[in-house]
Amino acid sequence: MANNRLSSLIAHTKAYGFLYPSSEIYEGIQAVYDYGPMGALLKRKLQQFWWQSMTQLHENIVGLDAAIFMNKKTWEASGHIAGFHDWMVDNKDSHKRYRVDKLIEEKVSVWKKQGKEAKANQLMAAMGNAMSSQDGDALRGLLVEHHIVCPISKTSHWTSARELHLMFATHTGPTQDHTSQVYLRPETAQGIFVNFLNIQKTTRQSLPFGVAQIGKAFRNELIARQFIFRMREFEQMEMQFFIPPEKDEKWFATWRDKRQSWYQVLGIPTHKMSIHPHEKLAHYANAAVDILYEFPFGANEVEGIHARGSFDLTNHEKLSKKKMTYFDPQENRSYIPHVVETSAGCDRLILMLLCEAFQQEEGRTYLKLPKALSPIQVAVLPLMKQEPFIKIAKKIYQEIRYDFSISYEERGSIGKRYTRQDLIGTPYCITVDHQTLQDETITVRERDSMHQHRLPISDLSSFLHDEVALKNLLKKLKY
Ligand code: GAP
């Protein structure tokens, strides 16, 4: 049932210009998607909401737009060259591939629910040991020993586990050897860490302060399923918050709570959001939680909150030999700051918004997107394709296009035009009709209720500012 809904949603996003498989005329490329005209608008608006929540609403958070290519040493220092890989196994009966840690973590969470805490911890430790000693056979042995089976074939006929690197490598310049090798960044965060000194000096921020960034990241994901949930090229919205060393717990809790409330303001029902503390921490983290959304295919991560300690800055200091210390004038001491990061996946948030918005009622399909984020905020429609209606409608369009994203449409019956706007999630359609010619009022039709009311043209701009402007969402945030 849930998967039918997801399939219908995927078809809908393609049919109405939200998402297309990349290079589709050549049969596409796995786990890469393009945003169509409506998708591009939705994504920009979501990013703007995140960006303004972070930078405009926090006087101690500044923005950055770092390059995708970075000196290779960045990834040595960050631990990605040594540690950014997944252990994979194939099931010999179903020929399906799985991440070993995911299979084991599922078993562990079942055991924990049954109160078998010690057994669960033992298995996690055994997995850690096998991974650090690079022993693929031992990992396979753990799966077999604990009867961890493939969800499809229900057997534990596993291949030996193999370690696969997740970073994409390419070359810069005329030679193509290891000296010219570069990576496509697997996270945006490192652009912020390597610029820590530049930013601190140029903005003269004192701690605590944060740096926010939106940008592409690339991972050679080996299991690419679930539409835009797991992609090889995706976009992150990350914020690194630099703090004094003893303040990790406080700021970790603050940002966890702030980020959870952001989803409520976005209109995601609280029962569909949850928090999941990490069993197995990433190589850089001291503490971490995932914020999960209940997708049609199960509860899955949309954002991670990580206490990274001084891991990154300390390693960059070691490798670059550049001091990463901050002099704290209030405490009269120097230290390497600690970091709490919030790391959201833009594409996962788009999928979450679309899943929430997709409404199929009897005889009607529409997208109940947050009004401020809808690709088109208002459609201006002359009732008939005739001079007096068109003239007024075009005048309205010309006036409000500076503040809102608008569609102007004069073809087809008014009912069909409403339907089309519903399908892309336009919250308001305004119609210039016979009465407009007499009293300069227009019909305003609301997407969700389909309710219609009349409004003087002179009130339209302030009506839209109250109903669909981004500031309405921003004001709801307790930031
Ligand atoms: N800087 C920390 C970091 O990158 P992460 O948990 O690996 O942490 C953060 O990634 C977020 O990026 C995830 O919560 C997810 O929303 C998004 N993300 C990660 N891999 C992704 C992928 N292959 N496709 C889409 N989004 C992804």
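Which residue of strand 18 does Gln359 stand opposite? Gln359 faces Tyr366.

The model is a predicted one, in which local features need pLDDT of at least 70 and side-chain atom pairs count only at pLDDT 80 or more, while totals for chains, interfaces and linings use all residues. Residues are numbered from 1 along each chain as its sequence is written, and side-chain values use heavy atoms, with hydrogens and water left out.

Helices (H or I, at least four residues) and strands (E, at least two) are DSSP runs, numbered from the N terminus. Two strands pair if DSSP finds at least two bridges between them. Strand 17 (residues 358-361) pairs with strand 18 (residues 364-367) over four bridges, in the antiparallel sense. Two residues separate these strands in a hairpin, and Gly363 in the turn has a positive phi of about 75°.

Helix 7 spans residues 136-145. Its residues are sorted by relative accessible area (buried under 20%, exposed over 50%, partly exposed in between; 1.4 Å probe, protein chains only). Gly136, Leu139, Leu142 and Leu143 are its buried residues. They lie on the same side of helix 7 because they cover an arc of only 115° around the axis, the arc being that of the directions from the helix axis to the C-beta atoms. An α-helix has 3.6 residues a turn, so residues three or four places apart point the same way. The face turned away from the buried side of helix 7 carries the exposed residues Asp137 and Glu145.

| Element | Residues |
|---|---|
| Strand 4 | 85-90 |
| Helix 5 | 100-113 |
| Helix 6 | 117-132 |

A polar contact is a pair of N or O atoms within 3.5 Å; within protein, one must be able to donate a hydrogen and the other to accept it, and residues adjacent in sequence count only if both atoms are side-chain atoms. At the start of helix 7, a side-chain oxygen of Asp135 comes to within 3.2 Å of the backbone nitrogen of Asp137. Just after helix 7, His147 has a positive phi of about 55°.

Thr74 belongs to helix 3 (residues 73-77). Thr74 is buried, its relative accessible area being 7%. A polar atom of the Thr74 side chain lies 2.7 Å from the backbone oxygen of Asn71. Apart from its neighbours within four places in sequence, Thr74 is in contact with Gln190, Val194 and His316.

Notes. Contact = heavy atoms within 4.5 Å.
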